[in-house]
Each structure stands twice: as C-alpha cells, then as structure tokens.
Amino acid sequence: MTQLIVTPTALIFAVALVVVALVISLKEKIGLEKDLIVGVIRAVIQLTVVGYVLTYIIRVNRHWLTLLMVVIIIVNAAWNARGRARGIPHAFAISLLAITTATAGTIALLVLAGAIAFVPSQIVPISGMIASNAMVAIGLAYRSMNGQFHDQRQALLERLSLGATKYQTAIAVVREAIRTGMSPTIDSAKTVGLVSLPGMMSGLIFAGVDPTKAIMYQIMVTFMLMAATSLGSTIACYLAYPQFFNADLQLRNFN
Amino acid sequence: MSDAIFTLHDVGFSVPERTLIADVSFTVAPGEFVTIGGPSGSGKSTLLRLVATLLTPTAGTITYDGQPQDSYEKTEYRRQVSYCYQQPSLFGETVWDNLAFPFQIRHEEIDEDRMVQALDMVHLPANMLRQPITDLSGGEKQRVALIRNLLFTPKVLLLDEITTGLDTVTKDAVHEVIKNLNHQGLTILAVTHDEVELAAADRLLTIVDGRLAVSV
C-alpha cells in the first residue's frame, strides 16, 4: 500500500489555493473574504484537533470513548441542523432525536450485518458521514417546511377552516419537505461514479486499495446514506410539523 | 335566549398593544341570516374568525349550541361551522383535488356525482372537475371554494365578503345558493357590503372600532 504523507510544506503551498479564492472574491467584490478566512482557520484548527483526538481514540480502542466521540458528532450535527430551523420550537431536541435514530439505526444494521466492525477507526468516520448527511437533509427539510408554511399559509388556513386535522392540513408540506431533504442523496446516488468519485471510494483508492474492492464500500455507503437521510428527515419532519400549530389548532407565527 | 345557536358574551380580542374586538355580545337563533357591517378595518372579519375558532377570544365567551365553544373538538366544530374566505386559495392541482378534500378529511368515499351536483348548483359545468385551478377565473375559484364548504352541509355558514369583486352573474348565482340554504334552515353569518345580502338578511349588526354599534 502506498504511504500517503502530506508534509507541512505541501500544506503551506496548498494555502496558495485559498489565496486564489480570496483574490477572486476581492476582485469580483463577492464579499466572501471574511467567510473564507474564518473557514480556513476553523478547518485547520478543527481538523488538527480531531486528528489528534482520533489518533488517541483509535490507539486506546475503548467502546465508551468511541461512543462518546459518536455522541459529540451527533450533538454537533443536531446543533447545526437546528440553525436551519429558523425558530421552529424544540428544533434542537427534534434534530437530536432524528440524527441519533438515523445514525444509531444505520450503524447497528451495518455492524450486525458484518459490513463494519465496532472499532473506532470504522465507527467514528462512518458515524460522521451518516450524521453529516442526515444533518444536511434535515436542514433542507426544515427550510422547505418553513418556506411552504409561509408561502402556502392561506391554503393551509383554508384546510383548517374546513375541519382538517394537523396531519391532514400539513401532510402535503411534510411530504415535499422530506423529498427536498432526500434529494441531494438521491441525486448523488444517481450520478455516483459518473460525476463524482465520492469520499469513501476515493480515500480507499488513494490508500492503494483495488478500485473494484473500493466500490463495494462505496455501494454500502450510498445505501447507508439513503437509509440515514430518509430516516432522519422523516423523523424530523413528522416531529416538526405539529410545532407550526398552536393548542387551538391554528397556525402559529414564529418566523 | 335559551335556543340560540350562538351566544357571544363580552367577547374581546387583543394583540400586543392593540384591541381589535371589545365587549361584543349578541345571540344568533338557529336558521337566522345575520349580516355584519361596518367600516373597513373595524373588526368584522376578526369577529367572524373568532366565531369560526380560527382566532381565540382573549376575553369573554362564545357558546355554540348550548356549550362553550372551547369544549368542542376543533375539527368537528369547523365541519359544523364552516368559514368561507374573502379571497380563497384553492389547493392541489385541479378542481377535483379541492372537492375531494372534504371527503378525504372525513375518511369518506369520494362521490363524484355529488361533486358534479355541487358544481351545477353554482352554475359550473361538470367538466370543470378535471380543470387545473390555474385556468379558473376569480369568480369560478370563489364558487369552487364555496361548494368545498357545502359538500357536507354544515349547520352554520360564515361568509367573509365572499361576493366582493365578483361580476353580477356570479354574484347572482352565489346569492341564490345562500338564499336557498338559508330557506333550508342553515344559519348564516355574513360580513358584507352587498345590498342584496343586506336586504335578504333577518338582522344587521354593525361593528365600529371593534365594538358592536348597532343591532337592527
């Protein structure tokens, strides 16, 4: 297997790529300079810290430490998904439950099927992949739900006035929000291998694994992400839509 | 009045820093046709929405059929006390989607014959059932919205200026439907400026600055 080492000098040269982005932003007056710099600093700090943390966790190989790392990933993902909820009450708790179920459910299935082993070097990265995809799906679903409750307010009020329940009023909105949440995963599954060689597969090929073996892992990841995003966005949407109504079965105003 | 279908007692509705309805009390008898008039912004529609449970009073009580309004299941109440919006928004893709909705929410088998009869009642053709809602004129949309409320005949119809902006032919069709329903015993509360509706009504309530000014 080829040894992969990116030296600090090589990384410093890579900064030149960020400078290109900065120059474009400045020259075209896009106004993203601050975000780019913050992004670079955060990426360097976060990845350096996680690199050392993962090295330690993999070395000591304790179940509780592996699970703690998974919990930290899930809590962070839920906190970020909540940021997209624009005022939906209990969005953090809803996101936490949805991402936990999606991650735990998918990981449990993979471990039980023997696709992965319960060791930190496999559980932590796979959990990160699942939680981040579920986070994006839930964030998109929240945004879609907020948009629809705002844009279709009159039609929703009329459904209520006709005597519809919360579910009967909001089900079309919920379905559309789940579709929106899942669409990036489905689109990427449709184009995988044709447009992109995704992370898992690319990483294995980089590390010298035979591409025909690498695709087996990628197929597993594709299926795993479909399950996780569908589970995560469905749970989040079904728990979030009742928050748009008050106790008197009227639409709430909170965004 | 013990046999009133509605009794409003000192009803008020306030939002932060503003009182929209204050101390409104009146009763409505079963089968009565009551119109609510008054200047724009006086609180007529707010009052109707309070009766419809689409808003909740911040003061006073509303009694429906002898029981406090809040003792009813909201869905059941709204199926009995049906509110029609001034500018209705049809949903879904076609007229069928809108007329199927009242059946769907009651878990009843969809009856297309009944839909066609309802369309006919407001002088709309049967083939309109499959028509996309985007192809309908304002008057057609208003009539489809009205029959959406009437496919399962409610006990009370709350009409919020539903003939405003309609052409004379459409207005006449709507007036005829309202009149017939009232003759069949349906209680009607209508916010209106329309002279035909005012003339047809048993009683006129006037709301000024959120308060009941006149009851004739």
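**View 1. The two domains of chain A sit with their C-alpha centres 26 Å apart.** This is a predicted model, so let's start by getting to know how its chain A is divided. Where the two domains touch, 10 residues come from domain 1 of chain A and 10 residues from domain 2 of chain A. Together, domain 1 and domain 2 of chain A bury about 750 Å² between them. Of that buried area, 87% lies on carbon and sulfur atoms.

**View 2. Chain A is built from nine helices and zero strands.** The C-alpha atoms of chain A fill a box of roughly 65 × 55 × 35 Å, taken along the principal axes.

**View 3. Stretches of chain A carry a "transmembrane region" label in UniProt.** The unreviewed UniProt entry puts this feature at residues 6-24, 36-58, 64-81, 93-117, 123-142, 191-209 and 215-241 of chain A. Let's look at two of these stretches. Residues 36-58 of chain A are 100% helix and 0% strand, and the C-alpha atoms at the ends of this span lie 32 Å apart. Residues 215-241 of chain A are 96% helix and 0% strand, with 38 Å between the end C-alpha atoms.

**View 4. Chain B meets chain A through 21 residues of chain B and 15 residues of chain A.** The size of an interface is often given as the accessible area lost when the parts come together. Here, chain B and chain A bury about 1700 Å² between them, and 54% of this area is on carbon and sulfur atoms. Which residues of chain B lose the most area to chain A? They are Arg78(B), Tyr85(B) and Phe101(B), which together give 32% of what the chain B side buries.

**View 5. Two helices of chain B, H3 and H4, pack at an angle of about 115 degrees.** Helix H3(B) spans residues 95-105, helix H4(B) spans residues 112-121, and their axes are 11 Å apart. The crossing of H3(B) and H4(B) is right-handed. On the H3(B) side, the contact is made by Val95(B), Trp96(B), Leu99(B), Ala100(B) and Phe103(B). H4(B) answers with Glu112(B), Arg114(B), Met115(B) and Leu119(B). Sorted by class, this contact has seven nonpolar, no polar and two charged residues.

Technical notes:
Residues numbered from 1 in each chain as written. Chains lettered and ligands numbered in written order. Predicted model: local features only at pLDDT ≥ 70, side-chain atom pairs only at ≥ 80, totals over all residues. Heavy atoms only, no water. UniProt positions renumbered as here; feature names shortened; annotations may be inferred. Helix = DSSP H or I, 4+ residues; strand = E, 2+ residues; numbered from the N terminus. Axes fitted to C-alpha atoms, helices over the stretch in contact; angles between N-to-C directions. Left-handed = near helix turned anticlockwise from the far one by under 90°. Contact = heavy atoms within 4.5 Å. Nonpolar A, V, L, I, M, F, W, Y, C, P; charged D, E, K, R; others polar. Domains from an automatic or database assignment. Buried area = accessible area lost by both parts, 1.4 Å probe.
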